[in-house]
Amino acid sequence: MNPKFSVIVPLYNKARDIVETLESVWAQTHTEFEVIVVDDGSTDHGMDLISHHLDPRLRLFRQENQGVGPTRNFGVRQAKGRYVAFLDADDYWHPHHLADLHQITTVYSQGQWFGTAYEKDFGSGQTRPMDTPLSNLAQDWSGPLDNFFVMAKKDCPAWTSALCFDKEFFSELGGFNPEITLGAGEDTELWIRAALASPLYFCNRVSARHRLQGSNRVSHAPTLKRRFIDLDQFNDAATQRPDLKYYLDVNRYAIGLKYQLAGESKIAASYFDAIDVHSLTKKQRLLMHSPVWALNLMRHIQVLLLHCGWRLTAFER
C-alpha cells in the first residue's frame, strides 16, 4: 500500500544539518509517509551520515549536481504517495506537521496544494512566527486562501518546507522551473502559478521552522551567478489582479535591490522602472534610491539589531 505523503528532501553539502532535519521527520506523529532524499552531487559526507538508516520508509538517490529545483522535481517523479511534501535539508518540522497536513488534506479533499504556518529561525536564539495578516486569525483556523497575494505582503504564506502538493497537480503545473537557479525565485514562480490555478488551503498552526542560518544556503550565492525569475510573464494576469501586481512589484523591488548592492545599477533600474511606486512603502522608496554604501551600512545595522532581538524590515507599512 502506498503512503499518503512522499517527503522530498534535496541534499547538497548539508552534512551539518541533515541528521537533525531527518530526525524531525522520524518524530512525526502521523507516520503514513515515505522519505525520498536526493543527493545533488554533494562533496561532503552528508549522504554517509544517513545511508546506514534502516527504516524502510527511507529511499536514497544520487545524481550529478543540477540545482535544487530539478532535484525536487526528480524526487517528485520517484514519489509513491498522493501528496508530495517538501523539506529542505537544513529545515525542521515540529512533530505535528504531517498530522496537520493530513487533517487539512482530509477535510478539504478538493484542494490541490496545502500549507501550514511556520516560524523563522534567524540564529542566536531569535525565532519569530511568519508575519502575515493570517496572524490575526485563531491558531486552529484552517481553510482556503482566496486572497493569496494579499496575504503575502510581508512573509509569504507559502514556504517550501511547510507545503504539500497533490502530486498530479504539481505535475500539471510543470514543477519547479529549472531555468531559475541558486534560489533566485523558483519557489516564488511556482507559488504564483499554483495560486492562479487553485487556492492554497492553509492550517494556521505553526508546524515548521525555516532555519535561515542553515549551512550552504543557495540564497547566499552571489547575485551575478544567479538566474532570476521572469516576473514579466505574469503581467497579463496582473492587469486583472491588483493584488498580483503588488506582489510582482515587491519581488521586483527585492531583486532590484540585490543588483543595486552588486553594483549593477542598470539592471537594478530595469526592475525599479517596472514598479508602480504605490506598491512600495516609504522605506522601500528611500532604499531604492540610496547609494550602495548606504545600503550596505543599513544592512549591517539590520544584522546587528537582529542579534539584539529587534527585526528591522522595509516591508512594514
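Trainee: Is Leu297 buried or exposed, or partly exposed?

Mentor: Leu297 counts as partly exposed, at 44% relative accessibility. Buried means under 20% relative accessible area and exposed over 50%, with partly exposed in between (1.4 Å probe, protein chains only). This is a predicted model, where local features need pLDDT of at least 70 and side-chain atom pairs count only at pLDDT 80 or more, while totals for chains, interfaces and linings use all residues. Residues are numbered from 1 along each chain as its sequence is written, and side-chain values use heavy atoms, with hydrogens and water left out.

Trainee: Where is Leu297, and which residues form a patch with it?

Mentor: Leu297 is in helix H11, residues 292–307. Helices (H or I, at least four residues) and strands (E, at least two) are DSSP runs, numbered from the N terminus. Trp293, Leu297 and Ile301 form a nonpolar surface patch, with about 340 Å² of accessible area together. Patches take residues with over 30% relative accessible area and no salt bridge, joining like charges within 9 Å and nonpolar side chains (Val, Leu, Ile, Met, Phe, Trp, Tyr) within 5 Å. The areas come from the Shrake-Rupley method with a 1.4 Å probe, and for residues only the protein chains shown count as cover.

Trainee: Going inwards, how many residues of H3 are buried?

Mentor: Eight of the 11 residues in H3 (68–78) are buried. Among them are Arg72, Asn73 and Phe74. The cover over the buried residues of H3 includes S1, strand S2 (33–40), helix H5 (167–173) and helix H6 (186–197).

Trainee: What does Arg72 pair with?

Mentor: Arg72 meets Asp187 in a salt bridge, 2.8 Å from N to O. A salt bridge is a side-chain nitrogen of Lys or Arg within 4 Å of a carboxyl oxygen of Asp or Glu. The pair links helix H3, which holds Arg72, with helix H6, which holds Asp187, 115 residues apart. Arg72 is buried at 2% relative accessibility, and Asp187 is buried at 19%.

Trainee: How many salt bridges does the structure hold?

Mentor: The structure holds 19. One of them joins Arg211 and Asp17, at 3.8 Å from N to O. Arg211 is in strand S10 (200–211) and Asp17 in the loop between S1 and H1, 194 residues apart. Asp17 is buried, with a relative accessible area of 2%, and Arg211 is buried at 15%.

Trainee: And what about Arg205, which partner does that have?

Mentor: Arg205 pairs with Asp100 at 2.8 Å, N to O. Arg205 is partly exposed at 30% relative accessibility, whereas Asp100 is buried at 9%.

Trainee: Which other residues of H4 are buried?

Mentor: Besides Asp100, the buried residues of H4 (97–107) are His97, Leu98, Leu101, Ile104 and Thr105. They are on the same side of H4 because they cover an arc of only 155 degrees around the axis, taken from the directions from the helix axis to the C-beta atoms.

Trainee: Last one. What does Ser24 touch?

Mentor: Ser24 touches Leu87, Tyr92 and Trp93, not counting residues up to four places away in sequence; contact means heavy atoms within 4.5 Å. A polar atom of the Ser24 side chain lies 3.2 Å from the backbone nitrogen of Trp93. Ser24 is in helix H1 (18–26) and is buried, with a relative accessible area of 3%.

Conventions: A polar contact is a pair of N or O atoms within 3.5 Å; within protein, one must be able to donate a hydrogen and the other to accept it, and residues adjacent in sequence count only if both atoms are side-chain atoms.
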